[in-house]
Amino acid sequence: MKNNWPIWEVFIRSKNGLSHKHVGSLHAADAEMAIENARDVYTRRTEGVSLWVVESKNITASAPTDADALFEPAANKIYRHPTFYNLPDEVKHM
Amino acid sequence: MDNSLSPNQALFNFALHMGDNTLIAGHRLSEWTSQGPALEQDIAITNIALDLVGQARSWLSLAGELEGKGRSEDDLAYLRSDREYTNFLLCEQPNGDWGMTIVRQFLFDCYHFELLNALLDSKHEQIAAIAAKSLKEVTYHLRYSSEWMIRLGDGTPESHKRMQNGLDERWRFLGELFEDTETDKVLAEAELSVLPSSLEEAAMNRIEAVLKEATLSQPEVKHFQTGGRKGIHSEYLGHLLAVMQSVPRAYPGQSW
């Protein structure tokens with residue numbers, strides 16, 4: 001039975017105002033069952049207030065072999081971090 | 001039954017009956033632990049088992065208080081024989097296959113959901129409070145079992161056949177759920193609970209709607225089996241209790 005079910009990725013919003021975060025995956029026959037399975041498997045300890053499920057095949061992932069080209073160039077561009085600005089003393093919460 | 005049933009005795013009977021139903025139904029579901037058809041369903045069905053056993057704790061504690069003889073929830077759960085248990089025959093029926101389990105749970109959920117909704121208006125504060133807490137859980141139980149009824153009933157020829165078999169087999173225990181006893185009459189009079197017969201229409205409407213969507217046909221049963229509330233059970237309850245009570249009976253008073 002289980003072998004025929006596709007895999008779904010589960011995302012949980014832990015509380016209002018925060019974004020959904022990926023927490024894991026599960027098997028389910030369809031979206032409705034995936035939501036219930038996600039509820040039963042991943043929210044047993046009050047982990048969240050909202051669930052998203054998406055069938056894994058619908059996620060397009062970057063190729064690990066492309067990692068150098070995609071991510072390495074950002075490594076030496078430290079000026080993109082806003083750490084070189086002198087903040088006025090009046091600005092408190094930055 | 002006794003016409004001179006006092007309200008307190010009726011309350012005790014009722015709390016015990018609610019505790020027995022939820023405990024036995026929950027224990028049956030717990031037998032799926034590690035045996036579920038898929039990991040996800042294994043967790044789901046045992047979550048429901050835990051919900052029901054948790055509810056049983058509330059009801060049996062209340063029963064112990066009402067009785068006033070110092071019996072705890074554990075005493076009531078583990079130190080009574082099958083003749084002293086007042087659960088419905090439906091709750092004690094064996095799991096069978098997954099479809100059979102779902103049928104039993106679905107029929108019970110339909111009744112349980114309507115009853116808890118009605119108990120929200122109970123004039124007994126603790127009954128209303130236990131009902132309010134339980135109803136959230138049972139709303140999900142009903143959703144879960146309904147979806148599986150439809151999924152498997154309207155599934156493959158094999159799953160349909162199994163669901164219809166399960167329904168044909170378990171249907172004869174349904175009538176007992178809507179029988180009014182002396183206890184119910186005393187409590188309904190005092191607005192502490194409701195007559196089970198008053199729940200039948202709503203529960204049956206829901207059952208019929210789900211069966212229709214599940215492409216299952218309603219069995220024709222002329223004689224329903226009853227007796228659970230009087231302690232007259234099927235052969236299965238004794239075996240269930242033997243397993244469930246074995247540890248507390250072998251090691252009385254132990255804690256861990």
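Trainee: What makes the pairing of B:Arg151 with A:Asp30 a salt bridge?

Mentor: In this predicted model, the closest N and O atoms of B:Arg151 and A:Asp30 are 2.9 Å apart. The cut-off for a side-chain nitrogen of Arg and a carboxyl oxygen of Asp is 4 Å, so the pair qualifies as a salt bridge. Across the interface of chain B and chain A, the rule finds 2 salt bridges.

Trainee: Which helices of chain B supply at least two residues each to the side that touches chain A?

Mentor: They are helix H2 (39-67) and helix H6 (125-153) of chain B. H2(B) gives the most, with 7 residues. By class, this side of chain B has 9 nonpolar, 2 polar and 4 charged residues.

Trainee: Why is B:Glu31 called partly exposed?

Mentor: The relative accessible area of B:Glu31 is 34%. Buried requires under 20% and exposed over 50%; the value lies in between, so B:Glu31 is partly exposed. B:Glu31 is found in the loop between helix H1 (7-30) and H2 of chain B.

Trainee: What makes the approach of B:Glu31 and B:Arg28 a polar contact?

Mentor: Their side chains are joined at 2.9 Å, and the limit for a pair of N or O atoms is 3.5 Å. The distance therefore meets the cut-off for a polar contact.

Technical notes: Residues numbered from 1 in each chain as written. Chains lettered and ligands numbered in written order. Predicted model: local features only at pLDDT ≥ 70, side-chain atom pairs only at ≥ 80, totals over all residues. Heavy atoms only, no water. Helix = DSSP H or I, 4+ residues; strand = E, 2+ residues; numbered from the N terminus. Nonpolar A, V, L, I, M, F, W, Y, C, P; charged D, E, K, R; others polar. Buried < 20%, exposed > 50% of the residue type's maximum accessible area, 1.4 Å probe, protein only. Polar contact = N/O pair within 3.5 Å; in protein donor to acceptor, adjacent residues only side chain to side chain.
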